[in-house]
Amino acid sequence: QGVHDGGNKGTCHTRRVKVEFLCNHRQRTTDNLCNNNGNNKSDAVVILTVPKTVTFKSFDFDCESGMLSVENLNCQNFSAELGLGDTYITDINVTGMMEVDIGVGKFEVKSGSISNLKLSGGVGTAEINAKLTGISDIKAGVGELVVNSNIPISYYTVNIKKGIGKILVADKNVSASETIGTGVNVIQIEGGVGSVNVTFAD
């Protein structure tokens with residue numbers, strides 16, 4: 001089910017379903033969960049479409065299973081609890097806090113600006129391509145973690161807590177827990193089993 005309330009709050013809770021959230025000039029909610037016999041469909045799709053000018057105070061996703069795709073979303077606070085499936089986010093703008101709990105599958109932010117990211121890795125690949133501001137608290141899971149910030153490393157303080165996997169920060173191999181840089185924005189990385197690669201703009 002999906003709800004948005006005048007730009008104040010949006011929620012989406014799904015089970016075994018593909019979810020697409022799009023922002024453009026149209027406003028539409030489509031819930032296609034059953035076939036003509038009323039039975040659940042494994043390939044069901046939920047599409048939520050709102051005007052691109054809408055900025056939510058908060059938007060929450062709870063996806064137990066299936067694919068989640070989000071495009072052109074503006075909000076103060078964003079949270080997602082993900083189960084089994086892949087998640088793709090494009091052009092997201094979060095000004096307050098973004099909290100994500102990854103389950104099993106691929107998680108990718110393709111572009112955007114995120115303030116105060118709190119990410120808990122799961123099993124699979126996680127990739128963040130965005131401008132990160134404030135305090136980003138990232139816990140790697142089992143699998144590869146890639147963080148690509150589109151602003152220079154001079155704007156960051158990077159705190160690394162070494163795990164089992166290999167960690168690279170700006171092409172430097174981090175062999176023990178350490179702090180890199182003195183910038184106003186903070187990225188805290190807690191290593192997991194898989195590899196971690198953190199890069200910055202030139």
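**Exercise 1. Work out which residues make the nonpolar surface patch of about 540 Å², and place Val-123 in the chain.**

Solution. This is a predicted model, so keep that in mind throughout.
- Step 1: list the members. Leu-84, Val-104, Val-123, Val-142, Ile-164 and Val-193 make up the patch.
- Step 2: pick out Val-123. You'll find Val-123 in the loop that runs between β11 (117-120) and β12 (126-133).
- Step 3: Val-123 has a relative accessible area of 43%. Partly exposed covers the range between under 20% (buried) and over 50% (exposed), so Val-123 is partly exposed.

**Exercise 2. Find how many aromatic pairs the whole structure holds, and classify the pair of Phe-59 and Phe-61.**

Solution. A ring pair is described by two things: how far apart the centres are and the angle of the planes.
- Step 1: count. Searching the whole structure turns up four aromatic pairs.
- Step 2: take Phe-59 and Phe-61. Their ring centres sit 4.9 Å apart and the planes make an angle of 35°. Stacked needs under 30 degrees and edge-to-face needs over 60, so this pair is tilted.
- Step 3: look at burial. Phe-59 has a relative accessible area of 0%, so call it buried. Phe-61 comes in at 3% and is buried as well.
- Step 4: widen the view. Phe-59 and Phe-61 belong to a cluster, joined by ring pairs, that includes Phe-56 and Phe-78.

**Exercise 3. Classify the pair of Tyr-156 and Phe-200, and say which strands hold these two residues.**

Solution. 
- Step 1: geometry. The rings of Tyr-156 and Phe-200 are 5.2 Å apart, centre to centre, with 45° between the planes, and that makes a tilted pair.
- Step 2: position. Tyr-156 belongs to strand β15 (residues 156-161), while Phe-200 belongs to strand β20 (residues 196-201).
- Step 3: burial. Tyr-156 has 1% relative accessibility, so it counts as buried. Phe-200 is at 14%, and since the cut-off for buried is under 20%, Phe-200 is buried too.

**Exercise 4. Find how many salt bridges there are, and decide whether Lys-106 and Glu-108 are buried or partly exposed.**

Solution. Oppositely charged side chains can pair when their charged atoms come close.
- Step 1: count. The whole structure has two salt bridges.
- Step 2: start with Lys-106 and Glu-108. Their closest N and O atoms are 3.6 Å apart, and the cut-off is within 4 Å. Lys-106 is partly exposed, at 30% relative accessible area, whereas Glu-108 is buried, at 12%.
- Step 3: move on to Lys-172 and Glu-178. Here the N to O distance is 3.3 Å. Lys-172 has a relative accessible area of 40%, so it is partly exposed. Glu-178, at 26%, is also partly exposed.

Definitions and conventions: Residues numbered from 1 in each chain as written. Predicted model: local features only at pLDDT ≥ 70, side-chain atom pairs only at ≥ 80, totals over all residues. Heavy atoms only, no water. Phe/Tyr/Trp six-rings, centres within 6.5 Å; stacked < 30°, edge-to-face > 60°. Buried < 20%, exposed > 50% of the residue type's maximum accessible area, 1.4 Å probe, protein only. Helix = DSSP H or I, 4+ residues; strand = E, 2+ residues; numbered from the N terminus. Patch = residues over 30% accessible without salt bridge, like charges linked within 9 Å, V, L, I, M, F, W, Y side chains within 5 Å. Areas by Shrake-Rupley, 256 points an atom, 1.4 Å probe, with all protein chains shown as cover. Salt bridge = Lys/Arg side-chain N within 4 Å of Asp/Glu carboxyl O.
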